[in-house]
Amino acid sequence: MPHGTTPLRILVIGCGNMGASHALAYDTIDGFEICGLVSTGASKEALNEQLGGGYPLFSDYEEALHETRPDAVCISTYPDTHEAYAIQALEQGCHVFVEKPLADTVAGAERVVEAARRANKKVVVGYILRHHPSWERFISLSQELGKPLVMRMNLNQQSHGRMWDVHRNLMKSLSPIVDCGVHYIDVMCQMTRSKPVQVSAIGARLTDEIPEDNYNYGQLQIRFEDGSVGWYEAGWGPMMSETAFFIKDVIGPKGCVSIVARDAGGAGKSDSVAAHTQTEALRFHHAGVDKHNQFLQEDTWINLEDEPDHQELCNREQRYFFKAIQENLDLTEHLEDAVNSLRIAFACDESVRTGQVVRLA
């Protein structure tokens with residue numbers, strides 16, 4: 001691992017939405033140096049131009065890995081490649097940043113974690129909400145509400161144009177409640193700090209444009225050991241409704257906290273990646289009442305000064321990746337959480353397919 005002024009040479013694999021954002025982060029953060037861009041299509045040329053040109057371009061990942069000999073790789077390809085690409089990089093002695101989900105199976109995710117342990121290299125998974133100050137605040141305020149908690153969250157996307165192409169490609173390997181749900185399952189686990197004990201889920205296939213065994217609308221429910229419950233809903237496609245598509249609520253005996261995204265929650269924005277992380281304000285409702293059942297306290301509005309946009313969140317993720325490598329951070333818990341949220345999401349998938357409640361060991 002380079003020390004001092006030697007930059008960390010990073011190979012970027014996948015040059016779409018997230019890959020481009022991470023590459024822009026590497027381009028602006030001291031300490032990183034992009035040594036190549038890899039994609040099967042033309043996205044690498046477009047990204048190269050966006051970055052000012054001059055980067056080596058590759059269509060083949062193995063060839064790029066062999067030729068550039070990077071210190072680290074950034075994997076933002078479709079989920080069915082994550083496991084193989086991450087393990088190849090680790091076996092070549094690279095640190096790995098990989099977009100969520102860590103793999104497209106739980107066993108695959110566990111194999112990546114084991115490969116990282118064997119290689120003694122860092123793996124950071126792209127849980128972008130963990131780097132968002134408003135979401136961190138949302139989670140910390142939830143712990144002032146008492147127990148049990150009720151968590152209500154959704155992100156339905158009326159995807160069209162290029163985003164519908166992206167979603168159809170994602171659904172070749174994963175359902176929306178696995179691909180997106182891992183973020184929100186991770187948030188629920190942080191809010192309750194309790195063990196999930198069972199899940200149930202429903203799903204519907206609303207288009208013939210996706211594989212017969214997949215669905216583009218899903219809703220999951222989780223029960224936790226402490227009595228807390230949560231639901232998450234995700235739907236993708238041009239048929240989806242933009243009514244109540246952005247709900248982020250947590251309720252406890254002492255009140256509730258809600259993310260109120262006036263702009264991100266506006267019509268026509270449901271498939272905008274930039275809008276998905278926006279919070280704008282938190283509304284804290286206090287449940288206390290007097291003898292006439294009138295509220296003792298007005299709702300508190302928390303407008304957060306630090307409201308990073310999507311690009312700045314990616315910059316923060318990559319600074320964390322750099323810090324993990326430079327300071328040799330222990331990422332054991334980070335990876336356990338990534339595998340755990342994936343295990344829960346796949347249990348929800350199983351519930352959709354079988355119509356049964358799935359108990360978590």
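Student: Which side chain meets that of Asp-186 in a salt bridge?

Tutor: A salt bridge is a side-chain nitrogen of Lys or Arg within 4 Å of a carboxyl oxygen of Asp or Glu. Here the N to O distance is 2.7 Å. The partner of Asp-186 is Arg-130.

Student: How many residues apart are Asp-186 and Arg-130?

Tutor: Asp-186 is in helix 9, and Arg-130 is in the loop between strand 6 (123–126) and helix 6 (133–142). Helices (H or I, at least four residues) and strands (E, at least two) are DSSP runs, numbered from the N terminus. The pair links distant parts of the chain, and the separation is 56 residues.

Student: What kind of model is this?

Tutor: Residues are numbered from 1 along each chain as its sequence is written, and side-chain values use heavy atoms, with hydrogens and water left out. Local features need pLDDT of at least 70, side-chain atom pairs count only at pLDDT 80 or more, totals for chains, interfaces and linings use all residues, and the model is predicted.

Student: Is Asp-186 buried or exposed?

Tutor: Buried means under 20% relative accessible area, exposed over 50%, partly exposed in between (1.4 Å probe, protein chains only). Asp-186 has 4%. Therefore Asp-186 is buried.

Student: Why are Arg-117 and Glu-114 separated by about one helical turn?

Tutor: These two form a salt bridge, with their closest N and O atoms 2.6 Å apart. Both belong to helix 5 (residues 106–119). They are about one turn apart because their separation in that helix is three residues.

Student: Is the pair of Tyr-61 and Tyr-85 stacked or tilted?

Tutor: The search of the whole structure finds eight aromatic pairs. Rings of Phe, Tyr and Trp (its six-membered ring) pair if their centres lie within 6.5 Å; planes under 30 degrees apart count as stacked, over 60 as edge-to-face and the rest as tilted. The centres of Tyr-61 and Tyr-85 are 4.2 Å apart and their planes meet at 35°, so the pair is tilted.

Student: Which helix holds Tyr-85?

Tutor: Tyr-61 and Tyr-85 are 24 residues apart and link distant parts of the chain. Tyr-61 lies in helix 3 (residues 61–68), while Tyr-85 (residues 82–91) lies in helix 4.

Student: What is the angle between the planes of Tyr-184 and Tyr-232?

Tutor: Both tyrosines are buried. Their rings lie 4.7 Å centre to centre and form a stacked pair, with a plane angle of 15°.

Student: Over which ring does the charged end of Lys-248 sit?

Tutor: A charge sits over a ring if NZ of Lys or CZ of Arg is within 6 Å of the ring centre and within 35 degrees of the ring normal. The charged end of Lys-248 is 4.0 Å from the centre. The ring belongs to Phe-246.

Student: How many residues of domain 2 are in contact with domain 1?

Tutor: Domain bounds come from an automatic or database domain assignment, which gives domain 1 (8–125) and domain 2 (130–308 + 341–359). Contact means heavy atoms within 4.5 Å. Domain 1 brings 12 residues to the contact and domain 2 brings 14.

Student: What area is buried between domain 1 and domain 2?

Tutor: Buried area is the accessible area (1.4 Å probe) that two parts lose on being put together, summed over both. Carbon and sulfur atoms give 64% of it here. The total is about 1200 Å².

Student: Which residue meets Asp-179 in a salt bridge?

Tutor: Across the interface of domain 1 and domain 2 the rule finds two salt bridges. The side chain of Asp-179 has a salt bridge of 3.3 Å, N to O, with that of Lys-100.
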